[in-house]
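Hi,

Here is the structure I promised to send over.

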Amino acid sequence: MTTTRPFKVIFSAGESSGDRHAAHMFLELKSLHPDIEGLGMGGAAMREAGIDIRCDSSNIGVIGVVEVLKHYREIRQALKQMQRLLVDERPDLLVCVDYKEFNFKLAKFAKSIGVKVLFYVSPQVWAWRPGRVKQYGQVIDKMAVIFPFETAYYEAENVPVSYVGHPSIDKVHPRYTKHEDLDRFGLDGERPVIGLMPGSRKQEIERLLPVMLDAASIVLSLVPGAQFILPQAQSVSDELLRSYLDRSELAIKVIKNETYDAVQCCTAIMTSSGTATLEIALLQVPMVIVYKLSELTYWLGRLLVKTPFIGLPNIVAGKAVAKELIQHQANAKNMADEIVKLLSDRAYYDAVKSDLIAIKNTLGSGEGSKNMAILALEMLTEK
């Protein structure tokens, strides 16, 4: 599946997970069409993959109404910059990766000037505002969904949709065995290892890391010998982490750029909600999912969100596989209680592990990034 025409694709990813998804897709696209050119908005992963980053997204990956308002100027400036890029470069295709509100506006602009739009990672229309399916159908040429149950929402409104599979299936693979990683990281395999994963955004670190550190202290008092590690997200600075870790008396091993190897060493994990929860599930590590927003955003969310769960593993399973602690429930005691339960109740722990295996089987064999590349190339070559 090759062609001699030098295609140009603009990517728009506003968050860490989207940055990684776009990077993997582009690498697959290059393997199918080596001369293709990629440029646009993203972060380190896209840059490393060879995409020409014209707009850095590191300061605009925020969650919630209040948080968006605080960064409104930067987000609006980024949108204008991307609109100018579309006009100046006239790409053969715009690939919008998640970051729904921003990319909806960008897609609408692209369609108005005759640029094809492929939207990658469906907005969670099954969780809130399902009526937006029609609106998305008006501004895109194709929706690529990563969960099999999502296609029905678009097919019901005659919106072109393809299920490509979840990209995490392919990339969530440690480089070493668990035994090798325990040795490499200086961890004792005979003692429990607790992971702290407060997120990839500054606001998540600020809200969740202090609580996780308090929870870790409680766990240590109840489970002497427990070890703690923190897989550092690529988008999180050393300075931000140190500002919190230096205030704690806990011995916490920070592991950089080896998230999957770090996760597989864990007995259990405290994690922020998001893509990381699904990646942890794929590595079959039991977890407690925590989620905290500004009060205004939280109450608006309660009015709009229609799904009973926020964690992706629970949404895929259709039941509470991982304990969810939201807003005021996301306190140190509750987090510590769940971790201690996982460490002390073998039957409970094994049941969670069994459910995580079922989730992985539900998501299939993978090749999501490759399927996306094939879909993009089909759109590029169709008349």
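Glu89 and Arg54 form a salt bridge in this predicted model, with 3.4 Å between their closest N and O atoms. The pair ties together distant parts of the chain: Glu89 belongs to helix 4 and Arg54 to strand 3, 35 residues apart. Arg54 counts as partly exposed because its relative accessibility is 35%.

Now for the sheet that strand 3 belongs to. It is open, with seven strands in the order 3-2-1-4-5-6-7 and parallel pairing. Strand 3 (52–56) and strand 7 (161–163) sit at the edges with a single partner strand each, so one side of each has no neighbour in the sheet. From one strand to the next, the twist averages 20 degrees. Strand 2 (residues 37–42) runs parallel to strand 3 and is joined to it by four bridges; Gly42 is opposite Asp56 there. Helix 4 (residues 72–89) lies across strands 1, 2, 3 and 4, at about 175 degrees to strand 1.

Back to the charged pairs: there are 21 salt bridges in the structure. One of them joins Lys333 to Asp337, with the closest N and O atoms 2.8 Å apart. These two are four residues apart in helix 16 (residues 332–344), so about one helical turn separates them. Lys333 is exposed at 52% relative accessibility, while Asp337 is partly exposed at 35%. There is also a network: salt bridges with shared partners connect Lys8, Asp52, Arg54 and Glu89.

Another pair is Asp246 with Arg242, closest N and O atoms 3.0 Å apart. Asp246 is exposed at 57%, and Arg242 is partly exposed at 39%.

Cheers

Terms used:
Residues numbered from 1 in each chain as written. Predicted model: local features only at pLDDT ≥ 70, side-chain atom pairs only at ≥ 80, totals over all residues. Heavy atoms only, no water. Pairing = 2+ DSSP bridges. Axes fitted to C-alpha atoms, helices over the stretch in contact; angles between N-to-C directions. Contact = heavy atoms within 4.5 Å. Salt bridge = Lys/Arg side-chain N within 4 Å of Asp/Glu carboxyl O. Buried < 20%, exposed > 50% of the residue type's maximum accessible area, 1.4 Å probe, protein only.
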